[in-house]
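Keep the viewer open as you read.

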Amino acid sequence: MRITFCAACGRIALHGFVYCPYCGAHLQPGPGLEAASSVPFGKLESMQAEFRAQQIDEMLERLDGIEADVEEILHRTASHG
Ligand SMILES: [Zn+2]
């Protein structure tokens, strides 16, 4: 799988993307993986941390949805009783 490296926000997007899905910057069709692998380790590490934070955000969002569902179910059960 080829990837493109966003020069604006430093994140990685799939190669077919014309715009960065994270910051909306126009992606330069370029060296891709080679550029990504030449990024200093510290930067890669912070990118990974960012990615993890993003995953946690997504999880929390999903949890919110589940919470709403549970509340609705409890509501329904309560109104039945
Ligand atoms: Zn970007």
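What share of the 81 residues of the chain counts as buried? The figure is 15%, where buried means under 20% relative accessible area, exposed means over 50%, and partly exposed covers what lies in between (1.4 Å probe, protein chains only). Before going further, please note that this is a predicted model, in which local features need pLDDT of at least 70 and side-chain atom pairs count only at pLDDT 80 or more, while totals for chains, interfaces and linings use all residues. Residues are numbered from 1 along each chain as its sequence is written, and side-chain values use heavy atoms, with hydrogens and water left out.

The fold can be read off step by step. Helices (H or I, at least four residues) and strands (E, at least two) are DSSP runs, numbered from the N terminus. Strand 1 covers 3-5 and strand 2 covers 12-14, helix 1 spans 33-37, and helix 2 takes in residues 41-80.

Now turn to the zinc ion. Its protein donors are the SG atoms of Cys-6, Cys-9, Cys-20 and Cys-23, lying 2.3 Å from it. Donors here are N, O and S atoms within 2.8 Å of the metal (3.2 Å for Na, K and Ca); water is not among the atoms, so sites may look incomplete. Along the chain, the donors follow the spacing C-x2-C-x10-C-x2-C. The angles among the four donor atoms run from 107 to 113 degrees, and the site is tetrahedral, a label given to four donors if all angles lie between 85 and 135 degrees.

Cys-9, by contrast, counts as partly exposed at 26%, as does Cys-23 at 40%. The count of disulfides comes to zero, a disulfide being a pair of cysteine sulfur atoms within 2.5 Å.

Ala-7 sits in the loop between strand 1 and strand 2, and it is exposed because its relative accessible area is 75%. Its C-alpha atom is separated by 8.2 Å from that of Ala-25, 18 residues away along the chain. Gly-24 belongs to the loop between strand 2 and helix 1, and with a relative accessible area of 43% it is partly exposed. From Gly-24 to Ala-8, 16 residues apart along the chain, the C-alpha separation is 8.9 Å.

Finally, which residues line the largest pocket? They are Arg-11, Ile-12, Tyr-22, Met-47, Gln-48, Glu-50, Phe-51 and Gln-54. On a 1 Å grid over the protein atoms alone, a pocket is an open set of points where a 1.4 Å probe fits, with protein on both sides within 12 Å along at least five of seven lines, and lining residues have an atom within 4 Å of a point. The largest pocket holds about 170 Å³ of space. Helix 2 supplies the largest share of the lining, five residues.

Arg-11 comes from the loop between strand 1 and strand 2 and is partly exposed, at 26%. Glu-50 is found in helix 2 and is also partly exposed, at 37%. Arg-11 and Phe-51, 40 residues apart in sequence, have a C-alpha separation of 8.8 Å.

How values were computed:
Grid points are joined across faces, edges and corners, and a volume is the space filled by probe spheres set on the points. Four donors count as tetrahedral if all angles lie between 85 and 135 degrees; four count as square planar and six as octahedral if opposite donors are over 155 degrees apart and all others between 65 and 115; anything else is irregular.
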